[in-house]
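Load the model in your viewer and keep the selection tool ready. The stops below follow one another.

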Amino acid sequence: MSPPRIDRRWLRDHPLPGLADASDKNERGRVVVIGGAEFVPGALRLTGEAALRAGAGKVQLATVQSVATALGVLVPEASMLALPSDRNGEIAAQAVAMLEDHVGRCDAMVLGPGMSVSDRTDTLVARLLASPRQGLGVVLDAAALTSARDLAPVIASHEGRVIMTPHRGEMAIFAGMDEAAVAADPEGVAAGMAGRFRSVILLKGQESILADPSGRLLRFDGGCVGLATAGSGDVLAGIIGGLLARGADPFRAAAWGCWLHGAAGRALSEEIGRIGFLARELAAVVPRLLDETMTAPQDG
């Protein structure tokens with residue numbers, strides 16, 4: 001039997017934590033987004049803006065020093081942390097010493113947008129995940145996913161507070177199988193990896209599958225072809241990070257993030273066109289969808 005569907009009825013039955021009108025920006029939560037490189041400086045703009053649009057009160061963007069100032073101008077609402085880079089323009093592994101204190105003051109960490117697969121990334125991810133922090137929700141995206149492939153005991157030590165967001169190609173690398181095998185049994189693969197890593201897995205695709213360590217499964221099939229565009233996954237990671245910072249548990253944050261991302265794509269398909277809307281335009285739709293869904297949820 002197919003898993004339950006993430007739709008407005010499910011969202012109504014699993015609401016996000018409420019925010020009082022008197023809430024200040026600290027109560028709305030703090031997100032640190034770590035990633036980017038000299039040749040992909042804009043990835044963090046997408047993720048950071050999406051976290052803010054999802055309701056986070058504060059966002060810090062941590063990227064290589066050479067692009068930090070320009071990124072800060074693009075996202076003036078976020079603070080910047082300029083990190084040392086290696087000769088390839090990527091975040092250097094020694095940046096961990098600078099990051100640890102900042103991460104410890106945050107409610108959510110999004111790790112991976114704009115980073116490349118390399119031994120250096122493997123070292124950075126392993127060191128940042130080595131010491132679980134009380135209450136910190138973690139989103140692993142893009143290159144951070146493949147870096148996590150040998151870190152099952154480390155990720156399990158975070159006690160279910162890690163969310164991983166692979167598409168099928170990334171899952172194939174992550175799980176050590178070919179992509180056809182992932183496509184043949186996405187529910188089984190997602191459930192197996194969630195159990196192995198004791199984490200929440202959002203396996204992205206035409207039909208996305210959400211799994212957690214307890215065996216819960218959900219599916220989402222309400223996206224659109226326009227979401228298959230550069231930067232779309234960076235936006236999704238930011239939405240989920242923002243919801244984590246607001247106090248949503250990891251499974252709920254991933255489910256809501258998946259739905260909001262898909263619903264934003266459908267809205268832009270109607271407003272702009274079936275394809276051709278930009279990833280950065282998705283985040284701007286999220287606040288309206290949150291308001292509509294929290295106040296008058298319906299089936300669909």
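Which residues does P4 touch, not counting residues up to four places away in sequence? Select P4 and then L217, L218 and R219, which P4 touches; contact means heavy atoms within 4.5 Å. P4 lies in the segment before α1 (8-13). Helices are DSSP runs of H or I with at least four residues, strands are runs of E with at least two, and both are numbered from the N terminus.

A note on the model before going on. This is a predicted model, in which local features need pLDDT of at least 70 and side-chain atom pairs count only at pLDDT 80 or more, while totals for chains, interfaces and linings use all residues. Residues are numbered from 1 along each chain as its sequence is written, and side-chain values use heavy atoms, with hydrogens and water left out.

Next, select helix α8 (residues 168-175) and helix α10 (residues 186-197), which pack at an angle of about 50° with their axes 12 Å apart. That angle makes α8 oblique to α10. Axes are lines fitted to C-alpha atoms, for helices over the stretch in contact, and angles run from 0 to 180 degrees between N-to-C directions. Angles under 35 degrees count as roughly parallel, over 145 as roughly antiparallel, 65 to 115 as roughly perpendicular and the rest as oblique. Show side chains for R168, M171, F174 and A175 in α8, which meet P186, V189, A190, M193 and F197 in α10.

Move on to α11 (232-245) and α12 (250-271). The axes of these helices, α11 and α12, cross at roughly 135° and come within 8 Å, which makes α11 oblique to α12. The contact includes S232, V235 and L236 of α11 and P250, A253 and H261 of α12.

Of its 23 lining residues, K204, G205, L227, A228 and H261 are the closest to its centre. A pocket is an open set of points on a 1 Å grid over the protein atoms alone where a 1.4 Å probe fits, with protein on both sides within 12 Å along at least five of seven lines; lining residues have an atom within 4 Å of a point.
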